[in-house]
Structures are given as structure tokens and as C-alpha cells.
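Good morning, and thank you for coming.

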Amino acid sequence: MKESENDKKLKKVKEEVLICRKCILGEERVKNKYYPVIGEGNHEAKIMFIGEAPGLQEAKTGKPFCGRAGQILSELLLSVGIKREDVYIANLLKCRPPNNRDPLSDEIQACACFIEKQIEIIKPKVICPLGRYSMKFLMEMFGLSDKVDVISKIHGQMFECQGNFAGIVVVPFYHPAVATYNPNMKTVLLNDIKVLEKFK
Ligand code: URA
């Protein structure tokens with residue numbers, strides 16, 4: 001199939017990530033022979049999911065959300081009839097933090113230009129942060145700083161952007177990994193994801 005403009009632009013982002021050493025995670029990735037995890041899915045997607053950072057499985061394969069949290073994300077999508085290949089899935093950080101620790105704010109800042117470019121290229125209408133770090137970063141990026149709250153209060157809510165970002169909706173979700181250590185949360189996730197039915 002012929003390469004689209006977006007395919008070319010996203011390939012360029014990948015090349016930039018490969019040589020990035022703005023934080024220590026780039027060195028760590030090379031040392032451990034891990035892949036960077038850029039993103040996967042439809043390069044013209046209407047819906048984009050943005051997690052936090054690659055885990056071990058993701059770093060070993062280069063694919064986002066391919067481990068246990070990813071299985072849950074796939075189940076959630078299936079429950080509302082959305083195909084994984086129709087959405088785009090990426091992370092705030094492209095390289096794996098050691099021992100799956102939380103992303104540091106310096107690392108988020110260093111990596112921000114990549115997710116910003118991916119959003120600019122794909123131009124999704126619905127942006128779904130997965131987890132609190134993504135929620136805060138993306139809500140601030142889309143002029144929703146005054147609506148930022150703890151994820152337990154705003155999960156599954158739709159926030160319509162204004163001004164330059166009018167037409168874009170941000171819907172924060174709990175990180176799907178919550179259901180791996182608290183199975184009761186699966187019900188909450190299944191309920192929240194229903195909000196996306198109207199964007200199919
Ligand atoms: N958790 C994330 O935030 N991203 C992944 O790709 C996998 C697990």
C-alpha cells in the first residue's frame with residue numbers, strides 16, 4: 001500500500017525518538033536492548049489513547065499496550081465494538097522507565113515534543129488519556145487546566161476543548177492496569193468506555 005503523508009511524518013517521529021538522548025531513558029533503552037515504543041494503529045484515527053510509558057513487554061516488542069494492561073484495553077474496546085486497529089495507541093514516554101516506576105516530570109517534559117507531534121499529525125477528535133500522568137499532561141495541553149482534578153473524580157467524563165482546540169474532546173480514563181490489581185475496577189472501566197460509543 002502506498003505510504004500516506006501521515007505514514008511519512010510518523011516515520012520521521014520514530015527516527016527522532018531513536019536518536020533522542022534528552023533524558024536517561026534513551027541510554028537505558030539502548031543498554032538493555034529495548035525498543036522505543038512509538039505508537040500503533042490507524043494514522044488517521046478519530047480516537048487516540050495515550051498511556052504513560054512502556055512496560056517490559058512493550059519495551060521488548062516495541063508495541064504499546066501488548067502486556068496485561070493491553071489485554072484489558074483490548075477487552076474494553078471490544079465491549080463497545082471499537083476495533084483496536086481503528087484507533088491510535090501511544091504513550092507519553094517512548095522509552096521504558098526502570099522497574100516500571102512512574103514517569104518523572106523531567107522525562108515527561110523531555111518526551112513531550114513527540115506526543116505533541118503525533119497528535120498534530122493524526123489530528124484525532126477524541127483524546128483518551130490513560131492514567132493520571134497522561135490526564136494531567138493532556139488536559140493542560142488542551143487548555144483544560146482548570147478542569148484537572150484527581151482521576152477518581154473525572155474518569156469517563158467528556159471535556160470539550162475551546163478556542164484553538166474547539167472540536168476536540170478529552171476523555172480521561174483510569175489506567176487499564178488498575179484492573180490487574182483490583183478486579184472490581186473492571187466494572188468501572190467497562191462503564192466508562194461506553195462514552196466512546198457515540199464517536200465510532
Ligand atoms: N502501560 C502504559 O502506560 N503503556 C503501555 O504501553 C503499557 C503499559
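The second largest pocket holds about 360 Å³ of space; please bear in mind throughout that this is a predicted model. Lining this pocket are 16 residues, and those closest to its centre are Lys14, Ile38, Gly39, Glu40 and Gly62. Two elements give two or more residues each to the lining, namely helix H1, residues 5–19, and strand E1, residues 39–41. H1 supplies the largest share, with 5 residues. By class, the lining of the second largest pocket comprises 6 nonpolar, 5 polar and 5 charged residues.

I turn now to the largest pocket, whose volume is about 720 Å³. Its lining consists of 28 residues, and Glu52, Ala69, Asn100, His175 and Ala177 lie nearest the centre. Helices H3 (56–61), H4, H6 (132–141) and H8 (178–181) are the elements that contribute two or more residues to this lining. The lining of the largest pocket divides into 13 nonpolar, 9 polar and 6 charged residues.

Helix H4 brings me to my last topic. How do the axes of H4 and H9 cross? The axis of H4, residues 68–79, comes within 9 Å of that of H9, residues 185–193, and the two cross at roughly 45 degrees. The helices are therefore oblique to each other. The crossing of H4 past H9 is right-handed. On the H4 side, the contact is made by Ile72, Glu75, Leu76 and Ser79, and on the H9 side by Lys186, Leu189, Leu190 and Ile193. These contact residues divide into 5 nonpolar, 1 polar and 2 charged.

Technical notes. Residues numbered from 1 in each chain as written. Predicted model: local features only at pLDDT ≥ 70, side-chain atom pairs only at ≥ 80, totals over all residues. Heavy atoms only, no water. Axes fitted to C-alpha atoms, helices over the stretch in contact; angles between N-to-C directions. Helix = DSSP H or I, 4+ residues; strand = E, 2+ residues; numbered from the N terminus. Parallel < 35°, antiparallel > 145°, perpendicular 65-115°, else oblique. Left-handed = near helix turned anticlockwise from the far one by under 90°. Contact = heavy atoms within 4.5 Å. Nonpolar A, V, L, I, M, F, W, Y, C, P; charged D, E, K, R; others polar. 1 Å grid on protein atoms, 1.4 Å probe; cavity = no way out; pocket = protein on both sides within 12 Å on 5 of 7 lines; lining within 4 Å. Points joined across faces, edges and corners; volume = space filled by probe spheres on them.
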